[in-house]
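Hi,

Here is the structure I promised to pass on to you. Could you take a look when you have a moment?

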Amino acid sequence: MIIESLKYNGLCSCGREHKMETVFSVIESGCLKNVNDYMQKYNLGGYTVAVYDKNTYKATEGIHPKADFEVVLSPENLHADEHGVELLLKQLPQNAEVLIAVGSGTIHDIVRYCAYKRNIDFVSCPTAASVDGFCSSVAAMTWKGCKKTLTAVAPKIVVADTDIIKKAPVHLAKSGFGDMVGKYVALTEWKIGNILTGEFYCERIAYMTLQATQKVVESVGGILKGDESAFENLMYGLLLSGLAMQMMGNSRPASGAEHHISHFIEMEPEKLGLHSDALHGEKVGVGTLLAIREYQRLTHLNNISFKDYKEFGKEEILRVFGEEKSNEILEENKNDAATNIKAENLKNNWEKICIEINKIPDIAYLKDLYLKQGIKSELNDIGVSKETEQELLSSSPMVRNRLTLMRLRKCL
């Protein structure tokens, strides 16, 4: 399967000109051995550094891309944070001109951010279908304890070898499914923002993301069977989601309340005692069901009333995050995305909002799909107490200043 992403370049019917950094992606059996041929074809040369962790180095043994230098990081306590970045930057030769990321989400976020800092190209070689960020031009990082979306660079080419990907532990593919199914919420949030504020919205980006999501959902049953076409479809969806973010210039088409719930848990607010060792996509998958359940509940409320939006206050943020992280969260919520939302605006548009919510697959259908495939679906499954659910719904919007219905629950 080939994705010629340059076809998405140029002026769009939305009125914007989209520009793709990724010029070529391939999802095929055995394609990892052709990485250097693809690099030559697309004029990626110079001093090349391949970056692995010990697990991905072993998983790709015998078919490592040719490189002038290799960095093999320890996977123990390796995270996409300032420490992971420092670890790689210390080992990178000063004359590096191209980085090859051979791994899953953590390796890719570290490499793409280091490539940005060094102003050099990078090549993506996913070893698991675990996240949707392989083609992204931003890096999802935990920076000084807070979740941040940092400017980075997208890969010039992506080489996804299904022979490697389908041999990865199956929970990694389930994590990728969780990251993809979250697009139902993210796309709905984006459309709601457009309805309420006239926020820019591109039908083409939304459509390509939704089609990729539906393809993943339809083929998820083949993952447990090791079906190659299922892994192709999953990886296709993950790559297309990243390409959609490139077209948009940010993560709006791919990240809404479901990601904010995941990020909130990952930040481990000290006052709430939250902790989870689950993968990012597993947390997003659970957050997706929480958000959909709540949104579908809201559409069935009788005699609903509305009030003007009120911003998160310093005391409220301090209560949740404590002294250490509250300043970062306060900074994030400056110029609140929902500041100008008034009760009258919400009331006048509530029917339109409900129509968009009702386009999301029914919560019962999705929950059944999760259970049949053994995908984590409840807070307890990811090591988080069910008793924290209401706090997650209320406080998770604090982690990202983005207009979502979860943020607007304060108006209902």
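Below are my notes on a helix, some ring pairs, the salt bridges and a loop residue. Please keep in mind that this is a predicted model.

Let me start with α12. This helix covers residues 314–332, and its end C-alpha atoms are only 12 Å apart, whereas a straight helix of 19 residues would span 27 Å. Where does the kink in α12 sit? The kink is centred on Gly322 and comes to about 125°. Gly322 is also among the buried residues of the helix, together with Ile317, Val320, Phe321, Lys325, Ser326 and Ile329. These buried residues pack against β10 (146–151), α10 (257–267) and α15.

Next, the aromatic rings. How many aromatic pairs does a search of the whole structure find? There are nine. One of them joins Tyr113 and Tyr116, with ring centres 6.2 Å apart and planes at 40°, so this pair is tilted. The two tyrosines are three residues apart in helix α4 (residues 105–118), which puts about one helical turn between them. Tyr113 is buried at 10% relative accessibility, while Tyr116 is partly exposed at 37%. Elsewhere, ring pairs tie Phe24, Tyr38 and Tyr42 into a cluster.

Two charged side chains also lie over ring faces. Arg16 is over Phe200, 3.6 Å from the ring centre, and Lys215 is over Tyr236, at 4.8 Å from the ring centre.

On to the salt bridges, of which there are 21. Lys334 pairs with Glu331, with 3.3 Å between the closest N and O atoms; Glu331 is partly exposed at 48% relative accessibility. Lys359 and Glu356 form another, at 3.1 Å between the closest N and O atoms.

Lys386 has a relative accessible area of 41% and is partly exposed, and Glu378 is partly exposed at 22%.

Finally, Ser377 lies in the loop between α14 (363–372) and α15 (389–395). Its relative accessible area is 4%, so Ser377 is buried. Beyond its neighbours within four places in sequence, Ser377 is in contact with Val286, Leu289, Lys367, Tyr370 and Leu371.

Best wishes

Key: Residues are numbered from 1 along each chain as its sequence is written. This is a predicted model: local features need pLDDT of at least 70, side-chain atom pairs count only at pLDDT 80 or more; totals for chains, interfaces and linings use all residues. Side-chain values use heavy atoms; hydrogens and water are left out. Helices (H or I, at least four residues) and strands (E, at least two) are DSSP runs, numbered from the N terminus. Buried means under 20% relative accessible area, exposed over 50%, partly exposed in between (1.4 Å probe, protein chains only). Contact means heavy atoms within 4.5 Å. Rings of Phe, Tyr and Trp (its six-membered ring) pair if their centres lie within 6.5 Å; planes under 30 degrees apart count as stacked, over 60 as edge-to-face and the rest as tilted. A charge sits over a ring if NZ of Lys or CZ of Arg is within 6 Å of the ring centre and within 35 degrees of the ring normal. The expected span of a helix is 1.5 Å times one less than its number of residues. The bend at a residue is the angle between axes fitted to the seven residues ending there and the seven starting there. A salt bridge is a side-chain nitrogen of Lys or Arg within 4 Å of a carboxyl oxygen of Asp or Glu.
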